[in-house]
Amino acid sequence: MKKDRPLLVYMLVAATVLLLRIINLFVPVNLTLLFALLAVVRAIFAKKSADYVNDKYVGIKENSELIVSRIDAEEYLPKAHRTFRYLAWLCTADAVSSVICALANPDAVLQVSFGVMVLQQALDIIGMTMIAMFVNENESFYFRVGIIWILLILLQAVYSVVTVVIAFQGDVKKTTASLMMLYLIMILYFLYRYTIVKTFEEKRS
């Protein structure tokens, strides 16, 4: 893996976590410590992603001959940089909270990890949306980020709420089915996210 591809590495680790969560739904093995370790790895690459975005921003600002590119970079990339820094801190908090819950209150692990996962996903969506706004040079917001991107975000939001509602009703089978659907949608999100990452990586300074 090339050293300048932290956005891609973060995506691969996050997708791996989702696949493990799907398996864990049907094979109830305690993977808390493994998830904590993967959260640390995500934190590292979220921080590297923030640095990469910032380096790209500085390069474009200093070297690009296109005024539009410099203006767009100024508008969107600092926001993406800050968002990925917040994501790095949240992933670190995820690792710490997972270990604490596992030791102090194992029954709370699922609830806490679900809440943190949704927040992590929200930050990643914000950061990647800023990058999408930068790489897709179009006046319309909808064409800049893409209809599929918006649809995947909406589906994740809907299924996050649905999962919480079903969980509070105490229906284990429906909760498991809803979680699996949410995880699958998140995996589709990361697959589509790759197209944005690839375009951003190919964007010349």
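Student: What should I know about the model before reading any values?

Tutor: This is a predicted model, so local features need pLDDT of at least 70, side-chain atom pairs count only at pLDDT 80 or more, and totals for chains, interfaces and linings use all residues. Residues are numbered from 1 along each chain as its sequence is written, and side-chain values use heavy atoms, with hydrogens and water left out.

Student: How many helices and strands does the chain have?

Tutor: The chain has seven helices and zero strands. Helices (H or I, at least four residues) and strands (E, at least two) are DSSP runs, numbered from the N terminus.

Student: And how much of the chain is buried?

Tutor: Of its 205 residues, 46% count as buried, meaning under 20% relative accessible area with a 1.4 Å probe, protein chains only.

Student: How do helix 6 and helix 7 cross?

Tutor: Their axes, lines fitted to C-alpha atoms over the stretch in contact, come within 9 Å and cross at roughly 160 degrees. Angles run from 0 to 180 degrees between N-to-C directions. Helix 6 and helix 7 are therefore roughly antiparallel, the term for angles over 145 degrees.

Student: Which residue classes make up that contact?

Tutor: The contact of helix 6 with helix 7 has 17 nonpolar, five polar and two charged residues. Ala, Val, Leu, Ile, Met, Phe, Trp, Tyr, Cys and Pro count as nonpolar, Asp, Glu, Lys and Arg as charged, and the others, Gly among them, as polar.

Student: Is glutamine 156 buried or exposed?

Tutor: Glutamine 156, found in helix 6 (residues 147–169), counts as buried because its relative accessibility is 3%. Leaving aside residues up to four places away in sequence, glutamine 156 touches Gln121, Ile125, Leu182, Ile185, Met186 and Tyr189, where contact means heavy atoms within 4.5 Å.

Student: What about helix 1 and helix 7?

Tutor: The axes of helix 1 (residues 6–26) and helix 7 (residues 172–202) come within 10 Å and cross at roughly 165 degrees. The residues of this contact divide into 20 nonpolar, one polar and three charged.

Student: New topic: which residues touch the most other members of the largest nonpolar core?

Tutor: Among its 44 residues, they are Leu7, Leu77, Phe84, Met128, Ile131, Phe134 and Phe200. A nonpolar core is a set of buried Ala, Val, Leu, Ile, Met, Phe, Trp, Tyr and Cys residues joined through side-chain atoms within 4.5 Å. Another core, of five residues, lies apart from it and includes Val9, Val13, Phe35 and Leu38.

How values were computed
Buried < 20%, exposed > 50% of the residue type's maximum accessible area, 1.4 Å probe, protein only. Parallel < 35°, antiparallel > 145°, perpendicular 65-115°, else oblique.
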